Amino acid sequence: MPSDYDKDAYPEPPRQTPIVDKQTTLPNPALILTKLFYYSVDLPVTTFRELVEGIHSGNKYNYYHQKFRRVPELTECTEGDYTCYYEAEMQWRRDHKVDQEIVKVVQERLRACQQREGTSYHQNWHSSQ
């Protein structure tokens with residue numbers, strides 16, 4: 001500040017922030033309600049969930065990672081082996097579904113490339129593959 005400023009118009013700010021004295025001895029009701037909720041609801045529920053998750057963590061099973069053993073093709077089954085026929089048919093159906101999903105993904109990528117690249121998608125589609 002310049003030395004010739006008007007002290008009445010611009011008083012100096014206080015040197016320290018004043019400490020607010022607490023006027024009441026009563027506890028804060030929000031703090032009481034927060035602690036009451038924590039100990040009566042949150043803590044028991046969290047403890048129970050951690051216990052259940054601990055039990056389930058040993059039995060982790062991801063259904064989408066299920067791996068089937070490969071079985072002989074239908075042409076490789078012996079005559080009259082109906083179990084082999086069934087397993088070969090189920091394997092073929094699973095393989096067919098997987099192939100269909102792969103085709104869907106490739107088609108979606110092609111449509112996205114067409115949308116993004118416009119008329120030059122054919123050239124850019126082959127270069128990105």
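**Entry 1**

I began with Tyr82, which is exposed at a relative accessible area of 64%. For the burial classes I used these cut-offs: buried is under 20% relative accessible area, exposed is over 50%, and partly exposed lies in between, with a 1.4 Å probe and protein chains only. Before going on, I noted that this is a predicted model, where local features need pLDDT of at least 70 and side-chain atom pairs count only at pLDDT 80 or more, while totals for chains, interfaces and linings use all residues. Residues are numbered from 1 along each chain as its sequence is written, and side-chain values use heavy atoms, with hydrogens and water left out.

Next I looked up the aromatic pairs (ring centres of Phe, Tyr or Trp, the latter by its six-membered ring, within 6.5 Å; planes under 30 degrees apart are stacked, over 60 edge-to-face, the rest tilted). The count comes to two aromatic pairs. In one of them, the rings of Tyr38 and Tyr39 have centres 4.9 Å apart and planes at 80°, so this pair is edge-to-face. Tyr38 is partly exposed at 37% relative accessibility, and Tyr39 is exposed at 55%. Tyr82 and Tyr85 also pair edge-to-face, with 5.6 Å centre to centre and 85° between the planes. Tyr82 and Tyr85 sit three residues apart in helix H2, which means about one helical turn between them. I found Tyr85 partly exposed, with a relative accessible area of 28%.

**Entry 2: the overall layout**

I stepped back to the elements, where helices (H or I, at least four residues) and strands (E, at least two) are DSSP runs numbered from the N terminus. The protein has three helices and zero strands, and from the N terminus on its elements run α-α-α. How much of the protein counts as buried? I got 5% of its 129 residues. The protein exposes about 12700 Å², and carbon and sulfur atoms supply 57% of that; accessible areas come from the Shrake-Rupley method with a 1.4 Å probe, and for residues only the protein chains shown count as cover.

**Entry 3: salt bridges**

Then I checked salt bridges (a side-chain nitrogen of Lys or Arg within 4 Å of a carboxyl oxygen of Asp or Glu). The structure holds six salt bridges, and I looked up some of them.

- Arg69 and Glu87 meet at 3.6 Å, N to O. Arg69 lies in the loop between H1 and helix H2 (82-117) and Glu87 in helix H2, so the pair ties together parts 18 residues apart in sequence. Arg69 is exposed at 57% relative accessibility, whereas Glu87 is partly exposed at 29%.
- Glu89 bridges to Arg93, with the closest N and O atoms 3.1 Å apart. The two, Glu89 and Arg93, are four residues apart in helix H2, so about one helical turn separates them. Glu89 is partly exposed at 30%, and Arg93 is partly exposed at 45%.
- Arg116 and Glu117 meet at 3.4 Å, N to O. I noted Arg116 as exposed at 57% and Glu117 as partly exposed at 30%.

**Entry 4: a nonpolar patch**

Which residues form a nonpolar patch on the surface? I found Phe37, Val41 and Val45, with about 270 Å² of accessible area together. Patches take residues with over 30% relative accessible area and no salt bridge, joining like charges within 9 Å and nonpolar side chains (Val, Leu, Ile, Met, Phe, Trp, Tyr) within 5 Å. Val45 lies in helix H1 (residues 29-57), and at 52% relative accessibility Val45 counts as exposed.
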